[in-house]
Amino acid sequence: MKRMRTGMKIMLFVAILVMLFLFAVSAAPVYNTPYATYYYDTKDNPVASKAGYEFSRTISGSDLGITEMANPTDMYVSPSKDLYILDNGNNRIVVLNSNYELVKEITFKNNGEPMQIGIPDKSAGSTSGIFVDDEEILIADPVQNVVHIFDLDGNLKTQITKPTNSAIISDSFNFVPCKAVKDNAGIIYVLSYGSYNGLLQFDQEYNFLGFYGADEVKATAEVLMDYFWKQILPAAASDRMGRTVPVNYLSIDIDSSDFIYAVKYDTETLPDTEQVKKLNPLGNNILENGTEGEAIFGLREQEWDNVKNWVVSRIIDVVYDDLGFITVLDAYQKRVYQYDEQSNLMFVFGGENSTQQGNFANPVAIESINDNIIVLDGNRNNISIFKRTDFGALFHEGINLVNEGMYSEAKGIWQEILKNDSMNPLANSGYGKALLDEGNYEDAMYYLKLGNNKTDYSVALESVRSDVLSTIFPVIMVVIVLALLAYFIVPRIVRKYRKNEYDKKVSKWKYPFHLMAHPINGYTDLKFEKKGSLLVANIILVLFFLVSIIVRQATGYLFNENDLESFNIIFTLLSSVGIFVFFVVAQWAVSVLMDGEGTFKEIWIFTAYALLPYIIIMIPITLLSNVLTVDETAFFTMFNIIAYAWTGLGILLGTREAHQFSMIKTLLLILLTIIGMFFVILIIGIVYSMMARLVGFISQIYTELSLR
């Protein structure tokens, strides 16, 4: 009973620690996404910036002197820079020139007779995609399940229907074309709703060639488990399981070099690094990942909405413009995101549904003419035109110079941009590259770090390190010689005066170090000869906490993924000492049920002593990480593995000796301990949630009563 009461007190203490952790996390400030033009900093926080594009005007049917558009669904810019708007509700195409003046209205005819595409009412999405070149107009019609091919006057030439003479098209395949494009060789690519096999290819004679650019299935834990169960379950049961299929595409665009830009229909709740792809003729994604290590399109901040759902993006359209930039349209956030060819974000603009000009109600398509971005609004039945600003033109010029390797030529541009926005990642990265190109390595490191450009930062660091090493090389040689002398002389002196193993006495202060060298015999002596010290264990625990802070804050930039400015000592305490306490308590509780011999004090001391290898190894490797380059990542990783493996071995052997278990039973105990920790955290989380709701309810009642 006494042990149980002690355990209850300890569990209560741990619960309080976890509650403090939850409050510390929940108290973090929520960043409200700004409406104004912005970009993301290196920590994915939205930062307002000077506008790269500014709203110019809207154009509706009445502005053009024609009938108002009704549910327009798509638009495309022809090689002659005319804008073709698919006006679905009016069964027509509205054509504007590059000055946004009406050129003509195109109606559809079949053998001289009027014809209807899609369906005659104004239902959203009854027709989808339009493509125009110098010879013909392609319209993907998901209602009639065909791709209409018209001449430039709207006369029907032919139609592409579901392929029937191919072995790779099953009878159950639904041909629901929503987008279609054509390359310079006359090959037509058709995007069909719900197709997991990629785009359908048709030759110049409209014969089916096969599928192109199918997405791959990600080997997630869920996918692997589904595969495992399907291998062992009967066929009837496995057939009822969900199918694991690639993600299908939602929209496509093609550039003058026949590269296809495809947008995935992604229902995941977190930012995806491949929501936009650039497909080469082989169907492989060749879109570069940018200076930040990964290409994330759309919204980056992970926030909750009012009904506790993740706030996410849904990219529905993409355009690659003549300036060499990728611009995507987000239907959920109603924003426009623009990236360079390396997938680095430059500008974000637009906003939620509002009567304010420059916002959108239902953006359905995006295009680019010259320096302008055009967004088609399917609810307001108009187009919004955004004109590139002088700042945007300057930014684009700098990006293009950097992509061409003309770093020094772009230096003045980045200096001018940094005067207006000193923290812009791309501007800092570009300026850092210019300094690196000039051989100013130390200053280059500063700006490349601000730009989160780890690749070029590593190059600059290697050059700085080489200069320093060449200066202090004589000192290094002296240290090496002294170290070699000590290596050969000190052991002889130690052996001369060393006592034998039976007579040797190890003090309590040295015993943790003795354990590192002799873990098997050391933990046995720790158990039966009572050589452990609670004071020493607690000192090690304090050192563990301090080293955790050092590792978090002092690890070199190239290997540190933490936000150093958002350091929270309570979070660090709970994620180091808190986990230690939780592990010891959970192990003690489980060991009581498994008839373990270890007391709570022994478990505490044994586990604390096992942390010493981590403390000793991580301090020098943390300092060393500040001079290692990306090419030397293997050394950093190796020493981290050694630190964790050595610590893990100590915990394993200490647990076995504390409870006098076999190795198999020890492993089972540690597994049950981890499971127990998970369930306790789950219960505490549920209690915390209920308490938070109760506090909110009481606060609401108090507010209502005070207003009365």
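## Terms and model

Buried means under 20% relative accessible area, exposed over 50%, and partly exposed in between, with a 1.4 Å probe and protein chains only. Helices (H or I, at least four residues) and strands (E, at least two) are DSSP runs, numbered from the N terminus.

This is a predicted model, in which local features need pLDDT of at least 70, side-chain atom pairs count only at pLDDT 80 or more, and totals for chains, interfaces and linings use all residues. Residues are numbered from 1 along each chain as its sequence is written, and side-chain values use heavy atoms, with hydrogens and water left out.

An open sheet is formed by four strands in the order 4-5-6-7, with antiparallel pairing. Two strands pair if DSSP finds at least two bridges between them. At the edges are strand 4 (72-77) and strand 7 (102-107), each of which pairs on one side only. Direction ignored, neighbouring strands of this sheet are turned against each other by 20° on average; axes are lines fitted to C-alpha atoms, for helices over the stretch in contact, and angles run from 0 to 180 degrees between N-to-C directions.

Five bridges hold the antiparallel pair of strand 4 and strand 5, and V77 stands opposite L83 of strand 5. Strand 5 also pairs with strand 6 in the antiparallel sense, over five bridges; here D87 has R92 in strand 6 as its bridge partner. Strand 6 (residues 92-96) is in turn joined to strand 7 by five bridges, and these two strands run antiparallel. In that pairing V94 is opposite E105 of strand 7.

How many residues of strand 5 (residues 83-87) are buried? Five of its five residues are, and the strand is mostly covered. In a regular strand the side chains alternate between the two faces of the sheet. In strand 5, L83, I85 and D87 point one way, while Y84 and L86 point the other way, and all are buried.

The hairpin of strand 4 and strand 5 has five residues between the strands. K81 is found in this loop, between strand 4 and strand 5. K81 is not a glycine, yet its phi is positive, at about 70°. Most residues other than glycine have a negative phi, and most peptide bonds are trans. With a relative accessible area of 24%, K81 is partly exposed. The hairpin of strand 5 and strand 6 has four residues between its strands, and N91 in that turn has a positive phi of about 55°.

Another four strands form an open sheet in the order 3-27-26-25, and here the pairing is antiparallel. Strand 3 (53-60) and strand 25 (363-369) are the edge strands, each pairing on one side only.

Strand 26 (residues 372-377) and strand 27 (residues 382-388) run antiparallel and are joined by six bridges. I373 has F386 as its bridge partner in strand 27.

## Helix 6 against helix 7

Helix 6 (residues 407-420) and helix 7 (residues 425-438) have axes that come within 8 Å and cross at roughly 140°. That makes helix 6 oblique to helix 7, since angles under 35 degrees count as roughly parallel, over 145 as roughly antiparallel, 65 to 115 as roughly perpendicular and the rest as oblique.

Contact means heavy atoms within 4.5 Å. On helix 6 the contact is made by Y407, S408, K411, W414, Q415, I417 and L418, and on helix 7 by residues including L426, Y431, A434 and L435. The residues of the contact divide into nine nonpolar, four polar and four charged. Ala, Val, Leu, Ile, Met, Phe, Trp, Tyr, Cys and Pro count as nonpolar, Asp, Glu, Lys and Arg as charged, and the others, Gly among them, as polar.

## Two buried serines

S343 lies in the loop between strand 23 (335-339) and strand 24 (345-350). Its phi is near 70°, a positive value in a residue other than glycine. S343 is buried, with a relative accessible area of 2%.

Where is S591 placed? S591 is in helix 13 (residues 569-593) and is buried, with a relative accessible area of 1%. Leaving aside neighbours within four places in sequence, S591 is in contact with G596, I603, H659 and L669.
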